[in-house]
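Subject: Structure handover

Dear colleague,

I am passing on the structure below, followed by a summary of what was found in it. Please keep it open beside you while you read.

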Amino acid sequence: SLGDARWPLPLLAALPELSLRGEAPTEEEPEEPSVLVSGVPADWAEGQIRLLFVLIGGVSGVRAVRQAGDVRGRILRAYVSLEDPSLCAGAAAQLDQRQVGRDEEDVQVSCRYVGGQAHFRNVLAEAAALFPAPPPPPPVGGPAATDEAEAEERRARDRLEALARAAVDPGIDDHRKRLAILLLREDLKKRERQWTEAETTAMERVDGETRRWHKDEIERKRMRWFREKASENAEREAMARADFQGTMLRLEEQQQRRAEEERRRREEEERQALRREEEEQRRHEEEAKQAALRAEEERRRREEEARRRQAEEEEDRRRQAEAEEQKRLRKQRKKQEAEERVRREEEEEARRLQQAADRRRLFLERVRKQEEDERQEEEEARRRQLQGEEARRRRQQEEEQARRRQEEEEEAQRRRREEEEQRHEEAKARRSPQECSASKPRPAEDD
């Protein structure tokens, strides 16, 4: 499991301090054996480094490590490969701590033999051959995949515990101890990489869920904006209904978001509870392993009391184990205090959420009452508006009737004038011309 990625750490804590120099290469080291040169003057280039090995043999290549971000910067260290790789160890011993440079600025160069990647693989192969892994047990009636994984994990633990016992066994020489410690550390590196990859995968999954949630939230906001724009072009009665529906929709969305946040919070609490259980299980396993190691050390101390120097070394290891135990207990107390603070903070957060929910409920009630009052006021205003429109319509009808009566009266007066003019023309036609000329102004007076 993910929590068991670092379980060999207690084994490494009790191992003796044996030198593994030259057996654990870095990524920058070459494949073949070479000489690591460090502490060179600041103004040196690869040519000056090659000159150091002129009297020893031909140089096949120089890999210079410079300051980060500067291709032509100062050389921090260099890996020098010789034409004859067997001369690397002697060259490192001969040139180590040599004074180079001008008299007033002498610099002491450090040289160290590096076995290279190939040598390290050979050492790992030798260690694997010396401490082979136990063969898997034969299948017994179709076991489940989980049982096989647990059995494989138990075999790996048994092998690592055997390596740890070999690393502290006084009857084994230092070379075999170094090989055992090397296998332990390589297994720890592999488990650290697996743990890191699993943690990265979990973080990427959480990031993907967060991005999807943000995308859904943006889509909901965009759809709400379209609904609001569409409601602005509707009639007033439809606008009021759409506003009410939009308010209810927003309340439902808020409730859904709160429910979603509550669900995610519960899931996060469950994940934290699972992590705490795994940490507690690991702590119990580490305590059991530490107890077993302490019992083994006590037994060896009683058996080796006759030899004073070994007894003193065993006492030093016991004191170191006690210091590690005290350090672990202090870390455990700090962890418990941190969990207590987290619990208090969660209770305070729950109380604040309850208060916020009460305030939201009161606010929603006030909003609902205010909307009801506004709706009643709008209905009253609409009723008064309809009454006003009815009154205006009646006034317009009355004005239309009055205008029609006036037009009829004007038409009657026009007809009367036309009839009078016609009668006057007929009278003029019956009169003589003289009478007509004498009586010409009279019609004007009548008019």
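Two residues are said to be in contact when heavy atoms of theirs lie within 4.5 Å. Among the contacts in this chain between residues at least 6 apart in sequence, 69% join residues at least 24 apart. Please bear in mind throughout that this is a predicted model. The chain has 447 residues, of which 21% are buried, and it contains 10 helices and 5 strands.

I would begin with the sheet. It is an open sheet of 5 strands with antiparallel pairing, and the strands follow one another in the order S2-S3-S1-S5-S4. Strand S2 (59–66) and strand S4 (98–100) are found at the edges, where each has a single partner strand, so one side of each is left without a neighbour in the sheet. From one strand to the next, the twist averages 30 degrees.

Within this sheet, strand S1 (residues 34–38) runs antiparallel to strand S5 (residues 107–114), and 5 bridges join the two.

In the loop between H3 and S4 you will find Gln97, which has a phi near 65 degrees, a positive value in a residue other than glycine. Because its relative accessibility is 40%, Gln97 counts as partly exposed.

The next point concerns two helices. Helix H7 (residues 236–303) and H8 pack at an angle of about 170 degrees, and their axes are 12 Å apart. Since angles over 145 degrees count as roughly antiparallel, H7 and H8 are therefore roughly antiparallel to each other. Sorted by class, the residues in the contact of H7 with H8 are 5 nonpolar, 4 polar and 23 charged.

Arg328 has its place in helix H8, which spans residues 308–430. Is Arg328 buried or exposed? At 17% relative accessibility, Arg328 counts as buried, because the cut-off for buried is under 20%. The side chain of Arg328 is joined to that of Glu325 by a polar contact of 2.2 Å. When residues up to four places away in sequence are not counted, Arg328 touches Arg283 and Glu287.

Finally, please turn to Leu179, which is placed in helix H6 (residues 174–232). With a relative accessible area of 0%, Leu179 is buried. Ala166 is 13 residues from Leu179 along the chain, and the C-alpha atoms of these two residues are separated by 9.6 Å.

Definitions and conventions. Residues numbered from 1 in each chain as written. Predicted model: local features only at pLDDT ≥ 70, side-chain atom pairs only at ≥ 80, totals over all residues. Heavy atoms only, no water. Helix = DSSP H or I, 4+ residues; strand = E, 2+ residues; numbered from the N terminus. Buried < 20%, exposed > 50% of the residue type's maximum accessible area, 1.4 Å probe, protein only. Polar contact = N/O pair within 3.5 Å; in protein donor to acceptor, adjacent residues only side chain to side chain. Pairing = 2+ DSSP bridges. Axes fitted to C-alpha atoms, helices over the stretch in contact; angles between N-to-C directions. Parallel < 35°, antiparallel > 145°, perpendicular 65-115°, else oblique. Nonpolar A, V, L, I, M, F, W, Y, C, P; charged D, E, K, R; others polar.
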